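This briefing presents a protein structure for a reader who is new to the subject. Please keep the sequence and the model in view while reading.

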Amino acid sequence: ADRIGARRTALAGPAISILCTSLLAFHSPSALQLMLLLGNGLGQGLGWPAMLQLLGQWFHRGERDRVLGWWSTSYILGGVLATALTAWLIVHTRIVAVTGFEPAYLVSSAVLLSAALFFFFGTAHLAQPISGDSQSSASSLVDSTAIRMQSHAWRQILTNRKIQVISIAYFFLKMTRYTLLFWLPLYLTSSLGYTQHSADHFASYFELFGFLGPLVAAYAVRRWLGERRMALGAGILFALAFICLLHPVLAGSGWFGAAVSISLMGILIYGADVLMSAMAVLDAVPDHLHGRAAGFVNGIGSIGQTLSPFLVTIFVSQFGWTKLFDLFVFFALVAGSVCAFGARLQTDQTASINRSVG
């Protein structure tokens with residue numbers, strides 16, 4: 001996104017994903033299916049850094065928070081709709097599916113193709129500034145110069161204290177988010193005794209109400225906290241720790257308590273998610289590094305996401321489902337403490353600048 005352009009990268013992602021997902025509709029050996037799933041993951045992963053790079057180009061610092069707050073609701077609600085659509089397709093197409101063929105993949109690909117075409121034509125007239133690296137690379141006649149520029153750019157990312165703080169906090173946050181996102185229905189059925197239909201219904205509250213989190217974070221950080229994003233992040237994560245601590249009591253009180261607890265966790269987690277992985281990242285580095293910074297932070301978070309299934313299976317088998325929320329309390333406290341350190345760092349830097357100016 002930083003080198004060849006955010007729009008090109010954003011379009012390459014859906015193209016790869018559409019190809020891989022379409023091929024999954026046809027019966028193929030397990031090794032090929034694994035390669036197609038990996039390719040789909042690669043295509044999906046290109047989207048986040050590219051989109052943030054574009055939003056960083058199109059909107060000024062004072063505008064980004066609210067824009068990102070509203071924009072992020074699309075992928076949260078999109079996840080709910082995608083799950084519902086996929087479930088409906090699997091139920092209604094298996095009956096008529098030819099052996100070895102699954103039409104649900106083709107429908108999903110067609111939806112993504114429509115979105116990609118809308119993005120392609122909708123952004124064709126918008127200005128696409130050339131990134132600093134692209135301008136320098138174009139004027140450079142020696143490849144070694146471009147390589148040194150790349151090394152310097154990544155050094156700026158890796159040594160940036162704000163990016164380090166955001167990455168550590170996001171590691172624990174994304175691990176918690178995907179654990180709840182994928183394992184809530186099983187927890188509700190196996191631990192609380194809900195039927196599968198009721199469990200799916202209650203689990204959907206995590207995302208259905210979670211879309212409010214980015215909006216609350218976007219307006220709060222501008223209106224009451226003077227862009228102190230790490231301070232707000234610490235407050236949200238400490239509140240999340242409190243809700244996770246209370247969850248066994250709320251969930252045991254009945255369906256209403258479980259619904260309230262799940263909804264609040266969704267609001268807090270998604271609010272902290274966009275606050276750190278988008279708002280804080282774009283402000284932590286210069287414009288020409290937005291793609292790299294967003295990709296790095298999201299990649300660190302994805303390591304936590306990848307570890308979450310192993311964490312759940314091992315922890316639950318040893319201590320049970322209820323104790324899993326005690327682990328979430330620990331994760332939220334660690335991430336919140338890291339954000340509090342980042343807020344203190346920001347305060348110290350601001351005070352140092354003010355003293356220098358004075």
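F325 lies in helix α15, which spans residues 321–357. The model is a predicted one. F325 counts as buried because its relative accessibility is 2%, below the cut-off of 20%.

**The surroundings of F325**

- Leaving aside residues up to four places away in sequence, F325 touches L180, Y187, C244, H247 and M265.
- F325 and T176 are 149 residues apart along the chain, and a distance of 9.6 Å separates their C-alpha atoms.

**The chain as a whole**

- The chain contains 15 helices and zero strands.
- Of its 358 residues, 45% count as buried.
- Among contacts in the chain with a separation of 6 or more, 79% are accounted for by residues 24 or more positions apart.

- Helix α2 covers residues 30–45 and has 16 residues.
- From its first C-alpha to its last, α2 reaches 22 Å, which is close to the 22 Å expected at 1.5 Å a residue.
- Which residues of α2 are buried? They are L36, G39, N40 and G43.
- An α-helix has 3.6 residues a turn, so residues three or four places apart point the same way.
- The buried residues of α2 pack against α1 (6–24) and α3 (47–58).
- On the other side of α2, the residues S30, A31, L38 and L42 are exposed.

- Two packed helices are described by the angle between their axes and the distance between the axes.
- Helix α12 (residues 229–252) packs with helix α13 (residues 255–284) at an angle of about 160 degrees, and their axes are 9 Å apart.
- Angles over 145 degrees count as roughly antiparallel, and α12 and α13 are therefore roughly antiparallel to each other.
- The crossing in which α12 passes α13 is left-handed.
- The axes of α13 and helix α14 (residues 290–319) cross at roughly 140 degrees and come within 10 Å.
- The contact between α13 and α14 is made by S277, V281 and L282 of α13, together with H290, A293, A294 and V297 of α14.
- The crossing of α13 and α14 is right-handed.

Note on methods: Residues numbered from 1 in each chain as written. Predicted model: local features only at pLDDT ≥ 70, side-chain atom pairs only at ≥ 80, totals over all residues. Heavy atoms only, no water. Helix = DSSP H or I, 4+ residues; strand = E, 2+ residues; numbered from the N terminus. Expected span 1.5 Å × (residues − 1). Buried < 20%, exposed > 50% of the residue type's maximum accessible area, 1.4 Å probe, protein only. Contact = heavy atoms within 4.5 Å. Axes fitted to C-alpha atoms, helices over the stretch in contact; angles between N-to-C directions. Parallel < 35°, antiparallel > 145°, perpendicular 65-115°, else oblique. Left-handed = near helix turned anticlockwise from the far one by under 90°.
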